[in-house]
Every structure is written in C-alpha cells, then in structure tokens.
Amino acid sequence: MFRNLIKLGGCLGLLSSSTIMCNQIRGKNDDDQLPHYHFLNDHDLQKLQKKHTNLSIIERSYTEHILSVIRDVQTDIVDFRKNADRLIRILIEQAISQIEKKKHIKQSPLGYYDAHELKFQDEEICFVSILRSGNAFLIEALKVMTGASIGQILIQRNEETSQPSYFFQKLPQNIKDQQVILVDPMLATGGSASMAINILKHHGVKEENITFLTLVSCEQGLSKLFSEYPKIKIITAQVDPILLKDINYLAPGIGDFGDRYFGTVKRNQAQQ
Amino acid sequence: MFKNLTKLACCLGLVNGAFVVCSQNVHSQDRLQHYNFLSENELHNLLKKHENLSILNRNQTEHILSLMREANTDIVSFRKNADRLIRILMEQALAQLQKKNSVKQSPLGFYTANEVKFSDEEICIVSILRSGNAFLNEGLRVIQGASIGQILIQRNEETSMPKYFFEKLPENIHEQQIILVDPMLGTGGSASMALKILQNYGVKEENIMFLTLVSCEQGLSKVFKEHPNIKIITAQVDPILIKEINYLAPGIGDFGDRYFGTVKKHTRGLQV
C-alpha cells in the first residue's frame, strides 16, 4: 500500500524525491521481509549423529542440488516430481544397503568369489507408507524392489492442533515376519510417525526390523522418535534447523510435500 | 477327506474300484465353476444400450487379463501386467479427450496438427483409494504434470455398502478434466459415491471419464443411470456378479490385495 501511495505521489509530482524513493522501492525485494534460514553446519550434524547412533544422514554432496530444486517455491510440478523421485530413490537404496546380508560362494566366468546378497527376498520386505504424502515413495520403491509388499496407514495432521488423527490402515497379514521400511517425506513434530510405529508394533513388528525414511527432518522430531523407539533406524536426506512453533512446519522446509507432489496446492498458499 | 479315505482304501486293497475312483478325484477342481465370457452379440447390445461406454478391443486385453486373473500368478507378474493394462486404458482415455486443430511445420512442409486441447495441469487423475492408486504409477508416466486427487472409500465386506473415509482434491477441480480410476466395478456403489463427491465440488459430468479394468452390467447400469453424461472405459465386462459377496466372476479377486501384496493367506487359493 505504501508503494502504491508513492507511485501515486510520483505521478502527481507531489513529492520531489519521488524518483529516488521509487527506485528504492523497486529495488527493494519483498523477500527481504522473509527470514533467511541457514542450514546446520557440519559440527552440529556430527553432534546429532553422535547423539543418535541409529540415525543416518545422507551425504550432502548427493542431496544438495536436488533439495535446492525441491525447496524452490517456483519449481513447477514436473520438476518437483522428477527431483523428489531421484531423492526418494537415493534414500531407498540407502535403506536397502543397511539390510542384513548373507555370504555365500558364487562363480564368475573366471573363478569363484564371495557373494554378499540381501538375506531377505523381495516378498519379505514391506514398504509401509503414511498416506497421503508417503505414497510418493511407492512409485520408486516398486521400481527397486518389484516384489515387495505394500502397507498403508492413513494419518492426517489436524492443522490447528498439530495432533495426528488416525483414519485407516491396510497391512499385510504376515507383517510381523517382514522387514519394514516406513516412509513419510517430512518429519516435524514426529507425531504421525510415532502413531504409525505404534500401529506397527501392535501388529507384532519388532523395532529392530523397522527403518524410517524421510526427506527432511528436524531435531525435535528425531529426538521424540528415538526416545520412544530407540531401536528403529532413521535415514534422512537433510536435517532442517527450525520447526516453526505455531504452525509446526519445518523451515526452510519444502512446504506441504503432498500438495506439491500431487498438485493440490491451494492458490492462496502458492506464493508462500 | 474323501480323497484320503480312498487313498487309504487303495493302499489296503480293500476297495476294488479304488483305482478308478482315485482317478476321478484328481479332477476335483471340476467342483469349481467354469465361467464363460460374454459373447460378441451380448457385448454389442451393451455398447448400444450405453453410448458413453467403451470396451477395449479384445485383442489387446485377452492375454494380459488371462495372466492377471490366474490365482497362481506371482506378485511381480501381476504388477507388470496390471501396469500394461492400465497404460492401455490411460492412452484410450487421452484419445477421447477433446482435441484442437492448429497448423504446424514439419521439416518438409506444413501439416494440420491435432493436439489435446488441455495442458497437463488441467487434467486431474482422481483415484479411489486403495486400489485406484495402482493407476497412478502409469498415469504419471503418461501425463507428467497432472494433478492427483484421492478419495478413500472402503466397501464394508458384510453389507457391500461403501463407506467414505477421506478425500484430498485440487481446489480448482471444477475447472479440470477428470479421469476417475478404480480397477474393479462391481455393484457400482463406491464409484457412485465418488462421483457424487466430485459433483459436490462443482465438476460437470461431461468432464469426467471413469476407467476400470473389469466391470459388470449391473455396475455399469447403476453408474450410467445416476450419471448419464460421464464416459466409462473398461477393459472387459464380466458376466456375473456373485450375489452374496458381490464379487465379479471370474473376476480378478481383490485387486488391491493382489497388487499391494496384502493377500490374506487363507484366501490365496480361493477361486472367486
């Protein structure tokens, strides 16, 4: 509004210094009013990993570029999906690399060698996705492990209270015998993830058999999960510095991952 | 039990005709029904009755559906074939979208170009969770920029009545071309409920295309009666809807369970 008044004043020639002020206003970025968030430095990250031994953070060189594109508010939906899928694939490969392997001897065309292969078959691995956003992981997951089972738990976060609300679940009957990879793109307060792991435990899944994958997380969520379930493993692509208190969103974060991936962004939020 | 008794008798040589009876018992699978598909004539009548109905060419779908229907098909094979069929359905849906003319230039000269009138973002794939999500994999490969809406409707297994749980749809859905997806069309209850939800959001019937792999006359008639202006594209129309359990016969079984690998052990061999 101030800007418009100045423009009006400038046009009417009412203010002598209007030219200078107009330039200042034009050159002034609206972004200067938004805060600039800095990521955690290597020292902080090291401390975090020492504190939680079951936490893995993917190496920055893999994820920097991709996360930069995903975070950008101007990235269109096709690029968002492509980059999200790349990052998801990296996370899934990391998760599978941490699954137990067994050794036996195999034959190459020239001689024998020690083969180290996954101890479990495709069917013994179950991806459990926390609907709705977690479903974004399933597309890449099925490309990597074509025979894996898929479980689904629908938990929605009440936007006012930030409390998770349980709606529905469909899990394989023999899930207690399976290696479970639980997926959800964002880990903020840890409320939804905690509820989901609780449900898995009710079905007989052991904590040691659960790996939780998330793109962006924060200290608060990680601490909550590890204090309630110390034996699960968590793999994250990056840990954001801040959890905004009133709305419980990560900052700088990605925004609402589900809305951006599935294209259900509300217009009035599109500029934030 | 009868088979075992006969085997026992056979071993003890007590029954003269034991040998003959044993041979007969091998074909005990004859106790299950053999369902014949609809004839060309019946299909023709169906197409005449519902002008907005399209059934895919039998040549394209026979092989794939044969593999999918088989109870012994493993999960990897099931998914591969389901994806192939879903891709064929999606291409057919796109083929029926409105196109506009323009003149374009090839390396050698001009030609009349006919392209889909809508950009990617103006198309919304709405999936009826949980099974409908199987379509999203191929759907996003064909239309990379499409929005995705989701409606969770579960069918109560005793009453066969659909129950609504949850929905997330784009805000501007009333302006979009909708492709509603659900693998099976039995009674038509879930589809009908989803269509009502879309209408509540202001979507016009003419802008809705419903894709389904296997359907039956009863479901088609119900949906067309309540929403005469939508289009339906199906891969095959099964002859029978079994009354007590409202499953299609020969059908595919529970598509969601088979695609996501949550088949309950005791129903695995059930020929439904």
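Visitor: What are the ground rules here?
Guide: In this predicted model, local features need pLDDT of at least 70 and side-chain atom pairs count only at pLDDT 80 or more, while totals for chains, interfaces and linings use all residues; side-chain values use heavy atoms, with hydrogens and water left out. Residues are numbered from 1 along each chain as its sequence is written, and chains are lettered from A, with ligands numbered from 1, in the order in which they are written.

Visitor: What does the model score?
Guide: The scores are ipTM 0.71 and pTM 0.78.

Visitor: How many residues does each chain give to the contact?
Guide: Chain A gives 31 residues and chain B gives 32 residues, where contact means heavy atoms within 4.5 Å.

Visitor: And what area is buried between chain A and chain B?
Guide: About 2800 Å² is buried, and carbon and sulfur atoms give 57% of that. Buried area is the accessible area (1.4 Å probe) that two parts lose on being put together, summed over both.

Visitor: Which elements of chain A touch chain B?
Guide: Those giving two or more residues are α5 (77–97), α6 (136–144), β5 (149–157), β6 (164–170) and α9 (257–262) of chain A. Helices (H or I, at least four residues) and strands (E, at least two) are DSSP runs, numbered from the N terminus. The largest share, five residues, comes from β5(A).

Visitor: How many salt bridges are there between chain A and chain B?
Guide: The count between the two chains is zero, although over all chains it comes to 16 salt bridges. The rule requires a side-chain nitrogen of Lys or Arg within 4 Å of a carboxyl oxygen of Asp or Glu.

Visitor: Which residue does A:Lys119 meet in a salt bridge?
Guide: Its partner is A:Glu100, at 3.2 Å, N to O. The pair links distant parts of the chain, 19 residues apart: A:Lys119 is in the loop between β3 (112–118) and β4 (125–131) of chain A, and A:Glu100 is in the loop between α5 and β2 (101–107) of chain A.

Visitor: Changing topic, what is the mean pLDDT of chain B?
Guide: The mean is 85, and 86% of the residues of chain B reach 70 or more; pLDDT is the predictor's confidence in each residue, from 0 to 100.

Visitor: Where does pLDDT fall below 50 in chain B?
Guide: One such stretch is residues 17–29 of chain B, which has nine contacts in the model beyond near neighbours in sequence. Residues 266–272 of chain B also stay under 50, with seven contacts beyond four places in sequence. Where pLDDT is low, the predicted coordinates should not be read in detail.
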